[in-house]
Every structure is written in structure tokens, then in C-alpha cells.
Amino acid sequence: MSAIDSSTPIRTARLRRSGTAQSNSLFALILVAPCLLLSVTVIGYPIFDVIRMSVFDVSRIGVVREFAGFGNFIKTFSDPVFVQACWQTLVWTVAVVGGTMLVSIPIALILNEEFYGRTIARTIVLLPWAISLAMTAVVWRYVVNGDFGTLNMTLSALGLPFDGYPWLADARMAFTLEILVGILVSVPFTVTILLGGLTSIPDTLYEASAMDGARALHSLRYITMPLLWPFMQIAIVLNVIYVFNSFPIIWIMTNGGPSNRTDILITYIYKQAFAFGKLGNAAAGSVIMFAMLLVFAVIYLYLTKARGARDDV
């Protein structure tokens, strides 16, 4: 009887803590409910509507007609322009994100050092971020214009045979220029993330490595890059999502031409919806794009979780 009596206060305390935890969870749920409801309304409903349109026959004006099943997806996958756009989207994303990281890491390392005029240099690097992406694309479209572009004028003034050279008329050259512009507009955001990571690395680590005789290259390899890697992962993921859905550069500079050779998925879907009136095909393409990004996010989360488990071990 005494054993039962002695365990009663413990059981009561546990029940009290459990009740407090449940009430705290309920209160937290009440607090986030408005935000959750807004997210479901603003994000969830459009996704549901696009998925619904992808399995129905939809008229030019958006009237949903009879059920089409996977017909829109079959038409989309059988379109050679869609397959070409998928490949070009992969090239576009890998080239822009990879080029951005290769350019941003050295810039971030330089801007993290103490030197005269560092604040001005950081401001100059961040300037492209303050300009509208559409405006940047418009400016570069006129820069590389074959008739009156400043690029041809500059090269011709240097004595090079580029008078009237049609940069955007050649698909390979046009796509290369668009990739370079994509890298240019992605560098400021990436440099900002990397600078945040570099400033979080304690100076004591570098001081200790210097006392042990480590050179600057060794400190970069064994201290800076490993500790900067989580920030690089964040930059890569955000840039992949951002670049994969990037519309203004491709559309303003070439409209996906010539001959759809610079089309990516987002411009292909836009043409299907607003140029050709094939809203069902456009919805199917949108669902495919969403699935691609979802697969990428799942793979990234899996790799991050696996890395975290290895680090814990």
C-alpha cells in the first residue's frame, strides 16, 4: 500500500506535465492556424486547380469540359518541343547554378577580407540585385542587339569584325548569353548567403591553425570550405528553385527562339497557355514541373538527413 501511495505523486506530476504539453501544443496550433489557412488558400488551392485542369479538357477561355484523364500528359510528353525544353531546362539550371557558385565563392572570400574600399566593393556587387530582373533582361537585349547594340559597337571600335553580328539569331550563342546573364543576376544573392556563412566562422580557428603552421590554402581547404558547406547547400537549393522557374531572361531576350532552341519549361508552358490556348497541356506541363522540383526537394532533404545522421555518429 505504501508503494502505491509513494507512486501517486509521481503519476500525478506526469499527468500534469502531459496536460500542460497538450495545452501548449493546442495554443501553438491556434497561433499558427491563420498562417496555415492563408498558405493553404494562396498556395494549396492554385496547385489543386492546376492538377484538376491537367486531367480535363479545357477550352481557350478556361472552361473546364469533359474528363481527359492522362490525355494532356500524353500529348505533352509526345511533343518534341517539350522534350527539347526539358533538356534545355536542365542545361540552363545546371549551367547557371554551377556558374553562379564558381563565381560567387571567390567573390565572397575576397569581400570577407579587410581591405580599403570593401564597403564600396560590396555595394557594387549587390547592385544587380537591386535592379528588376525584367529590366536587366531588357538592357542586355539591347546590348547584344545586332544592329545597334553597344557590344557590337565596342568590338567594332576595337577593330574586331563584329559590325552587325546577330548575337541572338544564333540559338547556341543566344542561349550562352542568357546563361551568362542568369549568372550575373544570381551572383549578388549567392554572395550575400556565403558572406553570412563566412562571418559566422570564428577567427580563433584561423589563429589556432596559424599557430600550428597551417598555410592560407590549408585553412581554406580544411576550415573555411567545410564550415561554409551548409551555406553553400542553402544557396544551391534556393538557386535551383529560383533558376528553374526563371522566366523574364529567356522570354524578354529571345522569346524562346530561334526555333524554340532557347525554350525552357516555364516559357514552353507560357506559350502553350497564352499563345496557343492549350490550357490543359499547359496545366499538365505545370504539374510535371512541380513534380520535378518536388523530387529535387525530397532528394535534398534525404541527403541532408543522411549527412546529419553520419555527423551524429
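Modeller: Before we start: a cavity is a set of grid points where a 1.4 Å probe fits but cannot get out, and its lining residues have an atom within 4 Å of a point. Also, keep in mind that this is a predicted model.

Biologist: Okay, how many cavities of 30 Å³ or more does a search of the whole structure find?

Modeller: The search turns up one. The volume of the largest cavity is about 40 Å³.

Biologist: Which residues line the largest cavity?

Modeller: Its lining is made of Trp92, Val96, Leu133, Gly182, Val185, Ser186, Tyr242, Val243, Ser246 and Ile249. Helices α3 (80–111), α7 and α9 are the elements that give two or more residues each to that lining.

Biologist: And which element gives the most to the lining of that cavity?

Modeller: That's α7, with three residues.

Biologist: What's the lining of the largest cavity like by class: how many nonpolar, polar and charged?

Modeller: Seven are nonpolar and three are polar, with no charged residues.

Biologist: Switching to pockets. What volume does the largest pocket have?

Modeller: About 310 Å³. Lining the largest pocket are Leu109, Asn112, Glu113, Leu198, Thr199, Ile201, Asp203, Tyr206, Ala216, Ser219, Leu220 and Thr224.

Biologist: Which elements each supply at least two residues of that pocket's lining?

Modeller: Helices α7 (171–199), α8 (203–211) and α9 (216–244) do. With four residues, α9 gives the most.

Biologist: How many charged residues are in the lining of the largest pocket?

Modeller: Two, alongside six nonpolar and four polar ones.

Biologist: Where does Trp140 sit, and how exposed is Trp140?

Modeller: Trp140 lies in helix α5. Its relative accessible area is 32%, so Trp140 is partly exposed.

Biologist: How many salt bridges does the count come to?

Modeller: Four, counting a side-chain nitrogen of Lys or Arg within 4 Å of a carboxyl oxygen of Asp or Glu. One of them joins Asp49 and Arg52, with the closest N and O atoms 2.6 Å apart.

Biologist: Why are Asp49 and Arg52 separated by about one helical turn?

Modeller: Because they are three residues apart in helix α1 (residues 2–54).

Biologist: Is Asp49 buried or exposed?

Modeller: Asp49 counts as buried because its relative accessibility is 17%, and the cut-off for buried is under 20%. Arg52 is partly exposed at 31%.

Biologist: What about Arg118: which residue does Arg118 form a salt bridge with?

Modeller: With Glu114, and there the closest N and O atoms are 3.4 Å apart. Arg118 counts as buried at 19% relative accessibility, whereas Glu114 counts as exposed at 68%.

Biologist: And which side chain does Lys271 meet in a salt bridge?

Modeller: Asp263, at 2.9 Å from N to O. Lys271 is buried, with a relative accessible area of 12%, and Asp263 is buried too, at 0%.

Biologist: Last stop, the backbone. Where is the peptide bond that is cis?

Modeller: The bond from Gly257 to Pro258 is cis, with omega near 0 degrees. Pro258 is in the loop between α10 (248–254) and α11 (265–275).

Biologist: What is phi for Asn255?

Modeller: Asn255 has a positive phi of about 55 degrees, although it is not a glycine. Asn255 belongs to the loop between α10 and α11, and it is partly exposed, with a relative accessible area of 34%.

Biologist: And what about Ser259, what's its phi near?

Modeller: Near 55 degrees, a positive value in a residue other than glycine. Ser259 is found in the loop between α10 and α11. Ser259 is exposed, with a relative accessible area of 65%.

Note on methods
Residues numbered from 1 in each chain as written. Predicted model: local features only at pLDDT ≥ 70, side-chain atom pairs only at ≥ 80, totals over all residues. Heavy atoms only, no water. 1 Å grid on protein atoms, 1.4 Å probe; cavity = no way out; pocket = protein on both sides within 12 Å on 5 of 7 lines; lining within 4 Å. Points joined across faces, edges and corners; volume = space filled by probe spheres on them. Nonpolar A, V, L, I, M, F, W, Y, C, P; charged D, E, K, R; others polar. Buried < 20%, exposed > 50% of the residue type's maximum accessible area, 1.4 Å probe, protein only.
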